[in-house]
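Me: I want to go through the labels used for this model and see what each one rests on. Please take them one at a time.

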Amino acid sequence: MAMAKLLCILLLALLGISMVATQVMAKEAQYHLQSGQNGQGSLKSYQCPSQCSRRCSQTQYHKPCMFYCQKCCAKCLCVPPGYYGNKAVCPCYNNWKTKSGGPKCP
């Protein structure tokens, strides 16, 4: 009986810890989204190579990705967060199209 009580207390403690950790991670993610680090015009031109390197790090087409990303960053002074998508954060980056109407910026 004592062992069952101990096991129950241990499980409740683990559940509580996981709930607190989830809340902390959610608040941290919300802070990063609201901090405006990625908005249009938030970068300086010298920051473009490092931000594009991050953006293009997981693609198999690294050279073209870097070329177009740096071109877009120089114009928009913005690189979206993450490796793919999230272009709504940078409207200029998102709306710049090729002659055929496809996205110019990776």
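**Labels and their grounds**

Reply: The model is predicted. In it, the buried residues of helix H3 pack against helix H2 (48-55) and helix H4 (91-95).

Me: Which residues of H3 are the buried ones?

Reply: Cys 65, Met 66, Cys 69, Cys 72, Cys 73 and Cys 76. Buried means under 20% relative accessible area.

Me: How do you know what span to expect of H3?

Reply: The expected span is 1.5 Å times one less than the number of residues. H3 covers residues 62-76, which is 15 residues, and the expected value is 21 Å. From first C-alpha to last, H3 reaches 20 Å, close to that value.

Me: Why is Leu 77 called partly exposed?

Reply: Its relative accessible area is 28%. Partly exposed lies between the 20% cut-off for buried and the 50% cut-off for exposed, so the label applies to Leu 77.

Me: What makes Asn 86 partly exposed?

Reply: Asn 86 has 43% relative accessibility, between the 20% and 50% cut-offs, and therefore counts as partly exposed. Asn 86 is also in the loop between H3 and H4; its phi is positive, about 60 degrees, although it is not a glycine.

Key
Residues numbered from 1 in each chain as written. Predicted model: local features only at pLDDT ≥ 70, side-chain atom pairs only at ≥ 80, totals over all residues. Heavy atoms only, no water. Helix = DSSP H or I, 4+ residues; strand = E, 2+ residues; numbered from the N terminus. Buried < 20%, exposed > 50% of the residue type's maximum accessible area, 1.4 Å probe, protein only. Contact = heavy atoms within 4.5 Å.
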